[in-house]
Amino acid sequence: MNCCFNKCTNSSRSTQNLSFHKFPTNESLCKQWVELCQNDKVIQKFKNHGSSQVSKSFRICSEHFKREDYVLWTSKKKVLHKGSIPTGQQLISPKTTHSNITNWSDMITEEDEAVANNATWSPRGTPNFDLSGSGKLEF
C-alpha cells in the first residue's frame, strides 16, 4: 500500500510503523482530504465517482497528520479523531522517521492511554462541515 499524497514515497513495504488511513466517506470531509493530497488520480476518482470510491482506492500515511489528530497512537495502531484533516505536508522530519523511532511508548501520554481505554469515549469537537452540499469539487 502506498501513500497517495503528492510527492510522498511512503509505502507499507518500505516504511515500518506507519498507518495508512482511508479517506472519509463523508463527501465534504473527503473533498478536503482530496484537495490537500494534490494527486491528480485521486482528484479524478473523486470527481467521477465520489467519496465511497476514493475511500476504497486510496490511503494517506500517518506522516501527514499532527500528533493531536490521533485518539490512539501505538506502534501497532493509530486511530484518528473523527473529522481529522491531513496537514498537506509531511510532519515528521527525515531524521525522525517512523522506522527509526524505537520506543513508541514514549510518544503515548497518560491522557492518550485513558482515552484509548475508555469505552465511553466520544470524538472531540470538530469544525462544522457543510454536510448539505452537493459534494462536487469545483476546480
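His-21 lies in strand β1, which spans residues 20-22. In this predicted model, the residue counts as buried because its relative accessibility is 9%, below the 20% limit for that class. The side chain of His-21 is joined to that of Tyr-70 by a polar contact of 3.1 Å. Once neighbours within four places in sequence are set aside, the contacts of His-21 include the aromatic residues Trp-33, Phe-58, Phe-65 and Tyr-70. Also in contact with His-21 are Arg-59, Ile-60, Cys-61, Ser-62, Lys-78 and Leu-80.

**Overall architecture**

The secondary structure of the protein consists of four helices and four strands. Along the sequence, these elements follow the pattern β-α-α-α-β-β-β-α. The protein has 139 residues, of which 39% count as buried. Among contacts with a separation of 6 or more, 66% are between residues 24 or more positions apart.

**The nonpolar core**

The largest nonpolar core contains 23 residues. Within this core, the residues that touch the most other members are Phe-23, Val-34, Val-42, Val-54 and Ile-60. At least two core residues come from each of α1 (27-37), α2 (40-49), β2 (59-61) and β3 (70-73). Helix α1 gives the most to this core, with five residues. In general, nonpolar side chains tend to be buried together in soluble globular proteins.

The surroundings of Val-54 can be described individually. Residues up to four places away in sequence not being counted, Val-54 touches Phe-23, Cys-30, Val-34, Val-42, Lys-45 and Phe-46. Ile-60, another of the core residues listed for touching the most other members, is among the contacts of His-21.

**Cysteines**

The count of disulfides in the protein comes to zero. Cys-4 is in no disulfide, and the nearest cysteine sulfur, that of Cys-37, is 4.4 Å away. For Cys-8, the closest cysteine sulfur is in Cys-3, at 3.7 Å, which is too far for a bond, because a disulfide requires the two sulfur atoms to be within 2.5 Å. Such a bond is a covalent link between the sulfur atoms of two cysteines. Both residues are buried: the relative accessible area is 6% for Cys-4 and 10% for Cys-8.

**Positive phi angles**

Lys-7 has a positive phi of about 70° although it is not a glycine. Lys-7 is placed in the segment before β1. Gln-38, likewise a residue other than glycine, has a positive phi near 50°. The place of Gln-38 is in the loop between α1 and α2. Lys-7 counts as exposed because its relative accessibility is 75%, and Gln-38 is exposed with a relative accessible area of 51%, the limit for this class being over 50%.

**Accessibility of the residues discussed**

The table gathers the relative accessibility of individual residues.

| Residue | Relative accessibility | Class |
|---|---|---|
| Cys-4 | 6% | buried |
| Lys-7 | 75% | exposed |
| Cys-8 | 10% | buried |
| His-21 | 9% | buried |
| Gln-38 | 51% | exposed |

Definitions and conventions:
Residues are numbered from 1 along each chain as its sequence is written. This is a predicted model: local features need pLDDT of at least 70, side-chain atom pairs count only at pLDDT 80 or more; totals for chains, interfaces and linings use all residues. Side-chain values use heavy atoms; hydrogens and water are left out. Buried means under 20% relative accessible area, exposed over 50%, partly exposed in between (1.4 Å probe, protein chains only). A polar contact is a pair of N or O atoms within 3.5 Å; within protein, one must be able to donate a hydrogen and the other to accept it, and residues adjacent in sequence count only if both atoms are side-chain atoms. Contact means heavy atoms within 4.5 Å. A nonpolar core is a set of buried Ala, Val, Leu, Ile, Met, Phe, Trp, Tyr and Cys residues joined through side-chain atoms within 4.5 Å.
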